[in-house]
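This report walks through the side-chain contacts, the sheet and the loops of one model. Please keep the sequence and the 3D view at hand while reading.

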Amino acid sequence: MKPINNFYLKIPSRSANESFARVAVSAFVSQLDPTLEELSDIKTAVSEAVTNSIVHAYKNQIGNIYITAEIFENRSIKIRIRDSGCGIDDVSKALEPLFTTVGGERSGLGFSVMQSFMDYLKVTSKPGKGTTVIMKKALSLKI
């Protein structure tokens, strides 16, 4: 299915840009008039994905985060968040709840949160090349 609208955003992996990414995607999706719950779910999932890139992909350096969002006729959305950071050695392990490579304040629930708020989550990664997170959500029909 071909998107009816889309946008692309490239931001530096600074923690200050996490909220900008969340708001930019939610503003774009707002044209579909989602429920407050749907919008909150999307904002949370985007926030988690961008935070993963900031904290894990680039660790103590600044790199780029690439965000693409697409809207489809059937009121579904697709969001892709990609980085060119260190990558994930074992994606299946990283998807396990409570798994984290950082420790400390990090709970290891980022991917679990994304899965719970979106209808679809796919994570691909290559060590040394980066990680791509694709999320999809079908919005409720308006009557």
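Does Phe7 count as buried or exposed? At 17% relative accessibility, Phe7 counts as buried. The cut-off for buried is under 20% relative accessible area. Note that this is a predicted model.

## Aromatic pairs

The structure holds 2 aromatic pairs. One joins Phe7 and Phe28, with ring centres 4.9 Å apart. Their planes meet at 55°, so this pair is tilted. Phe7 belongs to strand β1 (residues 5-12), whereas Phe28 belongs to helix α1. The pair therefore ties together parts that are 21 residues apart in sequence. Phe28 is buried too, with a relative accessible area of 11%.

Tyr8 and Tyr66 form an aromatic pair that is stacked. Here the distance is 6.5 Å centre to centre, with 25° between the planes. This pair links distant parts of the chain, 58 residues apart. Tyr8 is in strand β1, and Tyr66 is in strand β2 (residues 64-71).

## Charges over rings

The charged end of Arg82 sits over the ring of Tyr66, 4.2 Å from its centre. How do these residues relate in the sheet? Tyr66 stands opposite Arg82 in β3. The strands concerned, β2 and β3 (residues 76-83), pair in the antiparallel sense over 7 bridges.

Another charge over a ring involves Lys136. Lys136 lies over the face of Tyr120, at 4.8 Å from the ring centre.

## The sheet

What is the order of the strands in the open sheet? The order is β1-β2-β3-β5-β4, and the pairing is antiparallel. The sheet has 5 strands. Its edge strands are β1 and β4 (120-126), each of which pairs on one side only. Neighbouring strands are turned by 10° against each other on average, direction ignored. In general, strands of a sheet pair through backbone hydrogen bonds, either parallel or antiparallel.

## Salt bridges

How many salt bridges does the structure hold? There are 2 salt bridges.

Arg22 forms a salt bridge with Glu18, and the closest N and O atoms are 2.6 Å apart. Both residues lie in helix α1 (residues 16-29). They are 4 residues apart, so about one helical turn separates them. An α-helix has 3.6 residues a turn, so residues three or four places apart point the same way. Arg22 counts as partly exposed at 24% relative accessibility. Glu18 is buried, with a relative accessible area of 14%.

Asp41 and Lys137 also meet through their side chains in a salt bridge, at 3.6 Å from N to O. This pair links distant parts of the chain, 96 residues apart. Asp41 is in helix α2 (residues 36-57), and Lys137 is in strand β5 (residues 130-138). Both ends are shielded by the accessibility criterion: Asp41 counts as buried at 11%, and Lys137 counts as buried at 9%.

| Residue | Relative accessibility | Class |
|---|---|---|
| Arg22 | 24% | partly exposed |
| Glu18 | 14% | buried |
| Asp41 | 11% | buried |
| Lys137 | 9% | buried |

Helix α2 has 22 residues. From its first C-alpha to its last, α2 reaches 31 Å. That is close to the 32 Å expected at 1.5 Å a residue.

Which residue just after α2 takes a positive phi? Lys59 does, at about 45°, although Lys59 is not a glycine. Lys59 has its place in the loop between α2 and β2. At 48% relative accessibility, Lys59 counts as partly exposed.

Arg75 has a positive phi as well, of about 65°, although Arg75 is not a glycine. Arg75 lies in the loop between β2 and β3.

Note on methods
Residues are numbered from 1 along each chain as its sequence is written. This is a predicted model: local features need pLDDT of at least 70, side-chain atom pairs count only at pLDDT 80 or more; totals for chains, interfaces and linings use all residues. Side-chain values use heavy atoms; hydrogens and water are left out. A salt bridge is a side-chain nitrogen of Lys or Arg within 4 Å of a carboxyl oxygen of Asp or Glu. Helices (H or I, at least four residues) and strands (E, at least two) are DSSP runs, numbered from the N terminus. Buried means under 20% relative accessible area, exposed over 50%, partly exposed in between (1.4 Å probe, protein chains only). The expected span of a helix is 1.5 Å times one less than its number of residues. Rings of Phe, Tyr and Trp (its six-membered ring) pair if their centres lie within 6.5 Å; planes under 30 degrees apart count as stacked, over 60 as edge-to-face and the rest as tilted. A charge sits over a ring if NZ of Lys or CZ of Arg is within 6 Å of the ring centre and within 35 degrees of the ring normal. Two strands pair if DSSP finds at least two bridges between them. Axes are lines fitted to C-alpha atoms, for helices over the stretch in contact, and angles run from 0 to 180 degrees between N-to-C directions.
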